[in-house]
Number of protein chains: 2
Amino acid sequence: MTDQPYHHGKLREALLERAMETIEEAGVDGLSLRQLARDVNVSHGAPAKHFRDKQALIDALALAGFESMNRRIHGAAQSGDHLRGRFVGVAQAYVDFAVAHPALLSVMYSTKHHPDSSAELRSTGEQGIQVAQAMITEAQEAGDLAAGDPETLAMVCFVSLHGAAVLAAGKHLDGTTVEDVVAATTDMLWAGMAAGVPAAQLS
Amino acid sequence: MTDQPYHHGKLREALLERAMETIEEAGVDGLSLRQLARDVNVSHGAPAKHFRDKQALIDALALAGFESMNRRIHGAAQSGDHLRGRFVGVAQAYVDFAVAHPALLSVMYSTKHHPDSSAELRSTGEQGIQVAQAMITEAQEAGDLAAGDPETLAMVCFVSLHGAAVLAAGKHLDGTTVEDVVAATTDMLWAGMAAGVPAAQLS
DNA sequence: TCTACTTTGTTGTCAATGGCTACATTGGCC
DNA sequence: GGCCAATGTAGCCATTGACAACAAAGTAGA
């Protein structure tokens, strides 16, 4: 084997990439800084130069996760013909992402991020809800949905689909396919918004 | 201090009780078998006689959590005058429990339980959804809700409220109180079920 | 009561981990 | 060429979970 140069060059990227693989294979608890260092052929102290903490590395993973998820959501929001189809598509994209990357999802919505990372994570994580809100507003203007505060409605949609995402990712939905759950949930949400949601009228 | 007898007598209960306190104060990661043993004045090897694993202890915590939660849900399901009020009460009980015991909730819905514990946990955890299903059936018969497969509808209700519970427990709902989120979500669900949910008609 | 036997708790040990510090190497900048 | 910050190395330490050997105490049968 070729001997390694003293400076890795792209250690940070390499660590993140390998860490992402590891948590998807073994979960967050299966992630060890020392093993990670071994995996990328570097001494056990090297990661500390790029992430002051194990948590700092995890925060970086979470941020990358949100960005990846947002890309998919935005993609789903733009492709499709009618409003309702796009709405379901966004929901499906969210839940599919969760099922594809369950450990990453749990990291993204973990509560123990460093305070400095939290702000960035929060704002990045809220993009999904904004997409939903825009779609709801559009559907209201088109007359497909009843009037009601789009912010409240979008929050409820996000909350509900987050539940589906979390449960699907955790394999807590037995006897039902992920698609069916998303279909049933989006049907419920759309029916509620079409009929009018009392709590959203007050705001 | 009185010297301890060689046999503790109620070590298992003492460990569970103290462990419950610990995870609520410091999260699951803050739970250490050795520290736990110190807390109850016992040697570091003693817990192994009652829980073969750290995970086995956590599984026991999760089971206790489900049982505690089920008691609250059943209580809420029985108190109240009209159907819709009871429905909201159950939802509120669920989310309140999650907010009061966030670490416990994450343990309850963790994916890494031991295979033998999983079955018991799963069946215990499904009681909540059964309560919801019974209420929905009752409301349909009373004419308050449109027809539709109660199992599907109950699942969607559970999924949605689980989302609210998880997000509320993780403090991911800013700018809104827990009560408002529960109100908005239950309003949405009830409105949807009253209007009729397409996916629930097919079944 | 004496005696096996099981349960429960103790003590010592082991490998692994995260974090820290002192040190080495490298590359950039003046 | 020489200084200096950035990057990587090596060693150390306390803590942890798991395991094994041993001790103490309760139990059940002759």
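Helices are DSSP runs of H or I with at least four residues, and strands are runs of E with at least two. The model discussed here is predicted. With these terms, residues 32-51 of chain A are 35% helix and 0% strand, and the end C-alpha atoms of the span lie 13 Å apart. An unreviewed UniProt entry lists residues 32-51 of chain A as "DNA-binding region".

Further along chain A, helix H7 (residues 127-141) packs against H8(A) at an angle of about 125°, the axes being 8 Å apart. Angles from 65 to 115 degrees count as roughly perpendicular and those over 145 as roughly antiparallel; H7(A) and H8(A) are therefore oblique to each other. The crossing of H7(A) past H8(A) is right-handed. On the side of H7(A), the contact involves Gly128(A), Ile129(A), Ala132(A), Gln133(A), Ile136(A), Thr137(A) and Gln140(A). H8(A) contributes Pro150(A), Glu151(A), Leu153(A), Ala154(A), Met155(A), Cys157(A) and Phe158(A). Sorted by class, the residues in this contact of H7(A) with H8(A) are nine nonpolar, four polar and one charged.

The contact between the chains comes next. Chain A gives 35 residues to the contact, and chain B gives 35 residues. On the side of chain A that touches chain B, the elements giving two or more residues are helix H8 (150-169), helix H9 (178-195) and helix H10 (198-202) of chain A. The residues on this side of chain A comprise 20 nonpolar, twelve polar and three charged.

Technical notes. Residues are numbered from 1 along each chain as its sequence is written. Chains are lettered from A and ligands numbered from 1 in the order in which they are written. This is a predicted model: local features need pLDDT of at least 70, side-chain atom pairs count only at pLDDT 80 or more; totals for chains, interfaces and linings use all residues. Two residues are in contact if their C-beta atoms, placed from the backbone, lie within 7 Å. Ala, Val, Leu, Ile, Met, Phe, Trp, Tyr, Cys and Pro count as nonpolar, Asp, Glu, Lys and Arg as charged, and the others, Gly among them, as polar. Axes are lines fitted to C-alpha atoms, for helices over the stretch in contact, and angles run from 0 to 180 degrees between N-to-C directions. Angles under 35 degrees count as roughly parallel, over 145 as roughly antiparallel, 65 to 115 as roughly perpendicular and the rest as oblique. A crossing is left-handed if the near helix is turned anticlockwise from the far one by less than a right angle, and right-handed if clockwise. UniProt positions are given in the numbering used here, feature names are shortened, and annotations may be inferred rather than shown by experiment.
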